[in-house]
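Biologist: Please take me through the aromatic contacts in this structure.

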Amino acid sequence: MDTPDWHARAASLIPDGRIWINGQRVAAADGETFAKLSPINGAHLAHIARGRAADVDLAVASSRQAFERGSWVGQPPAARKKVLLRFAEKLSAHREELALLESLDMGKPIRYSLSVDVGSSARCIAWYAEAIDKVYDEIAPTGRESLALVTREAMGVIGVIVPWNYPMIMAAWKLGPALAAGNSVVMKPSEKSPLTALRMAELAVEAGLPEGVFNVVPGFGHEAGEALALHMDVDAVGFTGSTRVGRKMLEYAGRSNLKRVYNELGGKSANLVFADFDDLERAAVAAAGSMFFNQGESCNAPSRLLVEASIADEFAARVTAEAANYLPGDPLDAKTVMGALVDDGQLKTVLGYIESGKQEGARCLAGGEQARSETGGYYVAPTVFDGVRNDMRIAREEIFGPVLSILRFDTEEEAIAIANSSSYGLQAGLWTDNLSRAHRVARALRAGTVHVNQYDEDDMTVPFGGYKQSGNGRDKSLHALEKYTELKTTWIRLG
Ligand code: NAD
């Protein structure tokens with residue numbers, strides 16, 4: 001098959017940035033829009049409706065009415081499954097269009113938008129579709145005189161607020177369980193990447209999802225996002241984003257209706273390499289690959305590489321050599337593996353951290369500078385710092401860009417202590433050929449997921465989420481259904 005000419009396709013694409021409410025595209029109530037620039041070259045990409053409280057009110061009312069009508073929640077799980085499977089098929093059928101929108105919107109390489117983002121999103125929706133007619137409720141083991149049913153019921157209207165780094169996947173991780181359980185959803189995508197969420201909502205209705213069950217209001221966090229999280233008629237918020245905004249979500253709930261808040265927040269994941277691990281080349285390939293994938297804009301990027309001192313020089317050299325495979329290129333070129341950062345603000349943030357690393361005395365082994373500035377887009381060379389101390393900003397703060405910090409340790413205890421000294425606890429990795437050590441260290445690491453002798457295993461069957469200030473919710477797996485359902489006990493007297 002011919003490789004599509006993505007630039008030609010992009011030139012003929014006119015993305016629709018209007019709000020999606022009740023099965024229709026509408027302008028913002030006050031008619032305002034904002035300009036969305038493409039990170040690829042800084043050029044104008046689309047006018048996006050600037051949703052505010054009035055638009056959120058309309059969307060929540062529409063979702064509430066859909067819920068009360070029972071047009072979705074009233075359908076048997078097997079019927080909801082059919083619609084969601086059709087939705088997943090629609091996503092796959094529109095694979096190229098969605099992938100192009102995703103790459104244009106947030107700068108990731110088209111090869112990954114195609115092979116990872118659209119496919120994972122479709123699989124996620126299909127997985128919850130397949131699951132929902134196979135989960136049973138409970139009968140409690142009470143006495144003969146009574147029957148106690150423990151059932152899960154859809155909550156009502158779920159507010160979903162998502163970030164820009166994996167726009168479709170983050171949307172799908174919330175939509176899959178929330179819709180499968182019978183809820184209505186009002187989604188506020190990131191102002192930096194709203195296009196695929198809007199298109200997903202259109203495709204959902206084409207697939208048979210009743211109107212109003214899934215509404216999308218694009219806009220800014222402090223406007224549409226705040227209005228949604230403060231709304232008195234929203235039953236729960238599924239939030240993915242920064243720890244800073246996650247705190248606000250809890251405040252909004254406290255200031256409004258105590259809605260459930262599920263936070264999936266930032267990370268500064270540690271990746272521990274012990275000298276007893278035989279295949280250091282494989283560990284180095286994975287350390288660089290997991291770090292630089294998605295331009296380093298991954299919540300679970302292993303951005304703190306902790307290496308046992310006796311192998312640290314050799315390992316740093318291997319990782320530095322690997323980094324050279326991730327030089328940024330044109331995201332619409334199918335060969336590119338590292339694309340553009342999402343916007344000018346993120347570029348400045350990442351360059352600021354690189355500067356602070358240099359000033360605080362870390363040794364820059366690779367990168368350390370902006371790239372492809374002639375394009376007008378926002379690119380940073382893959383950067384490796386060695387000699388990083390645990391008190392440096394680049395060791396403590398989430399950078400969310402292609403910057404890897406190498407720290408050294410002498411003992412297992414020291415490695416665990418450094419790894420756990422973070423306020424985050426999303427993921428961790430460890431590399432060892434000692435089985436006892438693998439179990440011991442995996443238990444000791446305070447993280448929602450621990451990877452042993454690999455860093456990229458992923459599957460819909462396992463929960464994804466963090467300890468500590470990386471959040472409290474879990475996306476994926478059957479556990480995510482718990483977030484969007486209420487637990488009800490019904491006592492029936494038999495005697
Ligand atoms: P962000 O917190 O700035 O924004 C996330 C979303 O919240 C956006 O839609 C934004 O518009 C909205 N928002 C911002 N301010 C708001 C406010 N005052 N009220 C309501 N909504 C508001 O995060 P980001 O920069 O979009 O994404 C990057 C962050 O997301 C990183 O910290 C990353 O680690 C995290 N993340 C976590 C996971 C996970 O599963 N734990 C996955 C992906 C990204």
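Biologist: Is Trp164 buried or exposed, and what about Phe400?
Modeller: This is a predicted model, in which local features need pLDDT of at least 70, side-chain atom pairs count only at pLDDT 80 or more, and totals for chains, interfaces and linings use all residues. Residues are numbered from 1 along each chain as its sequence is written, and side-chain values use heavy atoms, without hydrogens and water. Buried means under 20% relative accessible area, exposed over 50% and partly exposed in between (1.4 Å probe, protein chains only). On that scale, Trp164 and Phe400 are both buried.

Biologist: How many aromatic pairs does a search of the whole structure find?
Modeller: Rings of Phe, Tyr and Trp (its six-membered ring) pair if their centres lie within 6.5 Å; planes under 30 degrees apart are stacked, over 60 edge-to-face and the rest tilted. The search of the whole structure gives 9.

Biologist: How many residues apart in sequence are the parts that Tyr112 and Phe293 tie together?
Modeller: The two rings are edge-to-face, with 4.8 Å between centres and 65° between planes. Tyr112 is in helix 5 (residues 110-132) and Phe293 in the loop between helix 10 (280-292) and strand 13 (304-308), so the parts they join are separated in sequence by 181 residues. Helices (H or I, at least four residues) and strands (E, at least two) are DSSP runs, numbered from the N terminus.

Biologist: Which ring does the charged end of Arg372 sit over?
Modeller: The criterion is NZ of Lys or CZ of Arg within 6 Å of the ring centre and within 35 degrees of the ring normal. At 4.6 Å from the centre, the ring is that of Tyr379.
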